[in-house]
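Visitor: Could you walk me through this structure, taking its strands and helices in turn?

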Amino acid sequence: MTPEIFIIHENPEWLPPFAAAFTDLGENFSDWNMAERDLDLSQTPPPGGFYNRMSASSFTRGHDRVPELTSITLAWLERHGRRVINGSRALQLEVNKAAQYAALEAAGITVPRTLVGLGLSAVDRLLSQFGDGPVILKPNRGGKGSGVAGFESAAAAATALRAGEVESSIDGVTLVQNYIQSPRGIVTRAEFIGGKFHYAVEIDATKGFELCPAEVCQIPGQEAAPQFTVIDTIEPALQSRFEHFLEANNIAIAGIEFVTDAAGNSYTYDVNTNTNYNPDAEQAAGRNAPAAVAQFLVAERDRLSVPNNSTAAAA
């Protein structure tokens, strides 16, 4: 019997492109919406492959603690030896940007200067020692650009903080970070499937944070939708470092966001392990990442079938 493919998530609105891709392949998947599931740890998980798409932004949809239930579920699956794509380590990094930066730096990838504070009073203290230049405040557990705010100086950020204009992170931890100026107002999101580079998207990030899939954009201003353009290459050495980072952290599917300054230095600031794709940009470029994801998941599922078939044949 062919094992199933299970998709673990908390937002059904993200599934249609993947459902269409599975249909095109003549395949199905089982929907595990963690906002609606319970767990019996005494039971054995069903056989199959499990793709974790839990998002740090779940709290913006009223699912504040669903990542914690998902963490327990992934541990249960892994304890029983199930194939989990983007498993416990991926989720750990998805909901903890400061941990992302530590893991990125361990892989030789440059990140913006970042200070970490617990509680807004700590952020006020960190701003007083931050120095000159524009600064970004962002929640440690964020997503979709939610709660990210940019300021022309640390003093301006402190003024907004004291006026109650800065949102606290759901985990209580806030990051104070250098703002990296892109000369073209562009940030780049590199997409990886099966741990390998698939394509990248250049994002016109001059319109703000919330409407941009990238978090570090330009100092917030206008609110028109950003523009997305698929590109086929990024700097080869950076691509290699990204791929080694993903392998080291057992992440198969991800979007990694970076910005390049006027001197050509690239700074990586976000890893999305529940990556979504822009359909307009894909259509213009003739690309279909959801189809590639579905093909990868089916191939991984089919690998699970081989030992069983061999055992049956031997018997």
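Guide: Two strands pair if DSSP finds at least two bridges between them, while helices (H or I, at least four residues) and strands (E, at least two) are DSSP runs, numbered from the N terminus. The model is a predicted one, in which local features need pLDDT of at least 70 and side-chain atom pairs count only at pLDDT 80 or more, whereas totals for chains, interfaces and linings use all residues. Residues are numbered from 1 along each chain as its sequence is written, and side-chain values use heavy atoms, with hydrogens and water left out.

Visitor: Which residue in β7 is the bridge partner of I136?

Guide: Strand β6 pairs with strand β7 (residues 149–151) in the antiparallel sense, over three bridges. Within that pairing, the partner of I136 in β7 is G150.

Visitor: Which residue of β8 is the bridge partner of P139?

Guide: β6 is also joined to strand β8 (residues 173–178), with five bridges and an antiparallel run. Across these two strands, P139 has as its bridge partner T174.

Visitor: How many residues of strand β6 are buried?

Guide: Buried means under 20% relative accessible area, exposed over 50%, and partly exposed in between, with a 1.4 Å probe and protein chains only. In general, the side chains of a regular strand alternate between the two faces of the sheet. In β6, V135, L137 and P139 point one way and I136 and K138 the other, yet all are buried. Strand β6 (residues 135–139) is therefore largely enclosed by the rest of the structure, the number of its five residues that are buried being five.

Visitor: Against which elements do the buried residues of α6 pack?

Guide: In helix α6 (residues 154–162), the buried residues are A154, A157, A158, A160 and L161. They lie on the same side of α6 because they cover an arc of only 165 degrees around the axis, the arc being that of the directions from the helix axis to the C-beta atoms; on the other side, A155, T159 and R162 are exposed. Taking contact as heavy atoms within 4.5 Å, the buried residues of α6 pack against α5 (120–128), β6 and β7.

Visitor: Which strands are the edge strands of the open sheet with parallel pairing?

Guide: This open sheet of four strands has the order β2-β1-β3-β4. Each edge strand pairs on one side only, and the two are β2 (30–33) and β4 (83–85).

Visitor: Which residue in β4 does Y51 stand opposite?

Guide: Strand β3 (residues 48–52) runs parallel to β4 and is joined to it by three bridges. In β4, the residue opposite Y51 is I85.
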